[in-house]
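Please examine the sequence and the structure shown below. A short briefing on the structure follows.

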There are 2 protein chains.
Amino acid sequence: MRLRVKDFTFFAGRPVVILNSLTATKLNVFQNNRVRLDHKGKDYYAVVDIFQKGVRPEEIILSRELMTTLRIKEGEMIEVSISDHSPAGKLIKKKMDGHRLTDKEFEIIIDQIVRNHVTEPEIAYFLAAQRMMGMTAQESVNLTWAMVRTGGVLKFGAQRKVVDKHCIGGIAGNRTTPLVVSICACAGLTFPKTSSRAITSAAGTADVIETISNIQLSIHDLKRVINKTGACLAWGGSLRLAPSDDKIIQVEKLINLDVESQMLASIMSKKIAAGAKYLVIDIPYGRGAKASNLKQAKEMAKKFREIAHPFKIKIDVVFTEGRYPIGQGVGPVLEMLDVIRVLQNTPECPKDLKEKSIFLAGKVMKLAGIKNARRKAREILESGAAYRKFVEIINAQNGKEDFEKRIRALKPAKFKLTIKAVKKGKILHLDNKKINTLCRILGTPETRSAGIFLHKKIGRVKRDEPLITLFSESKTKLKEGLKYFKNEKVMEVKF
Amino acid sequence: MRLRVKDFTFFAGRPVVILNSLTATKLNVFQNNRVRLDHKGKDYYAVVDIFQKGVRPEEIILSRELMTTLRIKEGEMIEVSISDHSPAGKLIKKKMDGHRLTDKEFEIIIDQIVRNHVTEPEIAYFLAAQRMMGMTAQESVNLTWAMVRTGGVLKFGAQRKVVDKHCIGGIAGNRTTPLVVSICACAGLTFPKTSSRAITSAAGTADVIETISNIQLSIHDLKRVINKTGACLAWGGSLRLAPSDDKIIQVEKLINLDVESQMLASIMSKKIAAGAKYLVIDIPYGRGAKASNLKQAKEMAKKFREIAHPFKIKIDVVFTEGRYPIGQGVGPVLEMLDVIRVLQNTPECPKDLKEKSIFLAGKVMKLAGIKNARRKAREILESGAAYRKFVEIINAQNGKEDFEKRIRALKPAKFKLTIKAVKKGKILHLDNKKINTLCRILGTPETRSAGIFLHKKIGRVKRDEPLITLFSESKTKLKEGLKYFKNEKVMEVKF
């Protein structure tokens, strides 16, 4: 049935179409069923809502996500039909029954997820099956391949050394990426860095970069920026590299389910799609981190190596301190201010952020064959070369030479509150997860300027010494943040 | 935030609200997030869609399901706030990690499912965990209890013998329920029968009864009908007995996942909520049935007995032929015509449907302490008493004495096609699942009059002997049905 597209600026967060009830009856579809949309030789799938007014029988309203994916405009015609059953369901059931899946079978599942032919509950079954039935190394490779093949791939000339790094999340304020990328690009490496926005954390790298830069680059823009500067700091979401990932993560995060095999495939597929040949994986471990001890971290490392091998990626896995936040600011603006202070070699810049960035950049450079890598990394940073490279990358992404102006506009939120030590004592623990929740209460990541600044992270404190400053654009949120800080023992202090 | 309800006759198939984008920003909610609705002292949850036009900042559009559940009208005000995280997620994760859940924990999960505070993917995780981690007998009892306690319960005087029967589905045309109910009610038993509509089959008992009767009874109506006639034949959906079940089944059916523990709890909770003290479970077994052999059927029976015991329900499990359809018609109208022929003792009525109904009614009566039960069941049916009881029940449900008129109006679909044997031969197999698909192609259960009539189910056939007649209200569907019948070997005949 051909229907005319009506634009309603309708945001559903998933592909939804709205049909008039008469049209639905004719198509023999019910609410919450799926329909197939055929447009320019491709098929897409969407969930059906039904209205008795607001849309006419010859019309169809598409949710904003669909308008974008289909590149269709109001008034255009589209072919709509009842959707056949997705073949992915059968394969997911097979996995639930304990069978192993082949590369072809994983590709069918992932392809159908990308084209929205698989419902969210079906994705949940898929994740549950991976978690409870386990995945062999071969299955992890198969899943990774499937995720790469169902999206775009970046290609660079053979003479370039394309590198990447990834940190297993969970550490507040751990914003090494802009520093590592700038240093490595100065060393002549190609660093097509794509990052994600925060899902459950206080800020993702993409959120932090966005405080001063355009991050929604097209493939074309991205290549232009890389050709000019050797690197980029883009948001992965707009590039459709391994596009199944976003949908899968959304379902995973509903109950904060960590499915290790899926995490491995998600990370590795994005790196492979970005063209990386040298990859450093950073696994922080310790109380509060994803890997709670070194043994767990090493087991994870083994699995990364197993996947990297068949893809001919040189990989190095490093294990770092995961018990405390890195840097002093947590929240998009506050983290960017930390990064700038390190790049500008300000004397009171956060030392741990600086040292960790030099360490990681050194590891990447060494892996790519650069001698005396760590020493060179330090020189690049301390000479100001990394700072100039960072300015170059950001200006290229913005298409304007207005870096200084953007930096000057960076301001933490207007309401703030500093908590001091009531008497002398000792900080015993600083909880990464609770810091995260605290920042979210204060308004991050939606409110870019909200967050916290850590004056002290560990060790002895004097009476009246400042411990932490809370920032928020709302007085109510500031109060709630203070209440949370006190009740939940975000910082364990022994007086 | 208080918002004014706007009615848009909006069918989403799940609880959805539509907010203006400005309102969403103020509430700090995004599309696909959940909001909490407070109305008349109770909290409900709904998924958010966002419009930029069609709804004003001070308004909220509720999906039809919500309008009904909340009993709210256009123009009324409702309190809307951002939803806190559901505690059910944590418990579901606990189950996924292999831990056992207590009665209290199951109750939290089920209660949150009923109030829509659990998303469909979370329900999928819950089902996957049951299936892959298994459930102890105690956990099955706990889950059953939770499903009973979160809905309404029917209560009858202690002097009444309240009975029920349940058939594990999968057998086409197996419409014994109206017959068994009528016979048992004649024998003085109380039979508060609630049935479901078809989900993936050609017709549910509720669909069949609906061809001549109102089936959407309120609790009040249902009691009136039972007090007058001793029984009812109602649709379970409108009664909110074990109301979590519908939501769970919807998710289960997405990939036709059979989760045995959930099936046991679903069945038992509805029987307990309906007040049953004597229960007969019919497990058909054999090729094409849910239990593919007697061993499987017996294992299932053991689990039913384990759950029935702590609830003080007398239970009898019977094992019946599951390889062939029962009766001749498949489809709502065609099955009702079969039932009427048996009740009227028409000589050419389907013998297998008649005998199975007498057998099951006898089992129920015996369990409730009636002597010579099978013989009495036959007498009740063959004397016409069961027919008169059936007429009484249907008239009571309709609130009108117009049974005859309704029966006369029962007509199979207008387009039909009879397939005959091309030469003499032998029917080797008749596939229940394929008959089901065939009927759905012809238009069931939505088209009440569509379906098939089986002239012959097994054994030798002569040349030109009619095998099957297909009925549909659409010529195209009839053609598609014929194609499916031929290509898919619905009936295996050796010529």
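Two strands are said to pair if DSSP finds at least two bridges between them. Helices (H or I, at least four residues) and strands (E, at least two) are DSSP runs, numbered from the N terminus. This is a predicted model, in which local features need pLDDT of at least 70 and side-chain atom pairs count only at pLDDT 80 or more, while totals for chains, interfaces and linings use all residues. Residues are numbered from 1 along each chain as its sequence is written, chains are lettered from A and ligands numbered from 1 in the order in which they are written, and side-chain values use heavy atoms, with hydrogens and water left out.

**Strands and a helix of chain B**

- Strand E8 (residues 163–167) of chain B pairs with strand E11 (residues 278–285) of chain B in the parallel sense, over five bridges.
- Val163(B) has Tyr278(B) in E11(B) as its bridge partner.
- Four of the five residues of E8(B) are buried (under 20% relative accessible area, with exposed meaning over 50% and partly exposed in between; 1.4 Å probe, protein chains only).
- Helix H7 (residues 177–186) of chain B is also mostly covered, with nine of its 10 residues buried.
- Among the buried residues of H7(B) are Pro178(B), Leu179(B), Val180(B) and Cys184(B).
- After H7(B) comes Gly188(B), which has a positive phi, near 90°.

**Extent of the interface**

- In chain B, 47 residues are in contact (heavy atoms within 4.5 Å) with 46 residues of chain A.
- The buried area between the two chains is about 4100 Å², and carbon and sulfur atoms give 64% of it; this is the accessible area (1.4 Å probe) that two parts lose on being put together, summed over both.
- On the side of chain B, Tyr125(B), Met132(B) and Ile255(B) lose the most area to chain A, together 17% of what that side buries.

**Links across the interface**

- The rule finds two salt bridges between chain B and chain A, a salt bridge being a side-chain nitrogen of Lys or Arg within 4 Å of a carboxyl oxygen of Asp or Glu.
- Asp97(A) forms a salt bridge with Arg131(B), and their closest N and O atoms are 2.1 Å apart.
- Elements that give two or more residues to the side of chain B touching chain A include strand E5 (42–51) and helix H5 (120–133) of chain B.
- H5(B) gives the most to that side, with 11 residues.
- Strand E2 (residues 10–11) of chain A is joined to E5(B) by two bridges, and these strands run antiparallel.
- Phe10(A) stands opposite Phe51(B) in E5(B).
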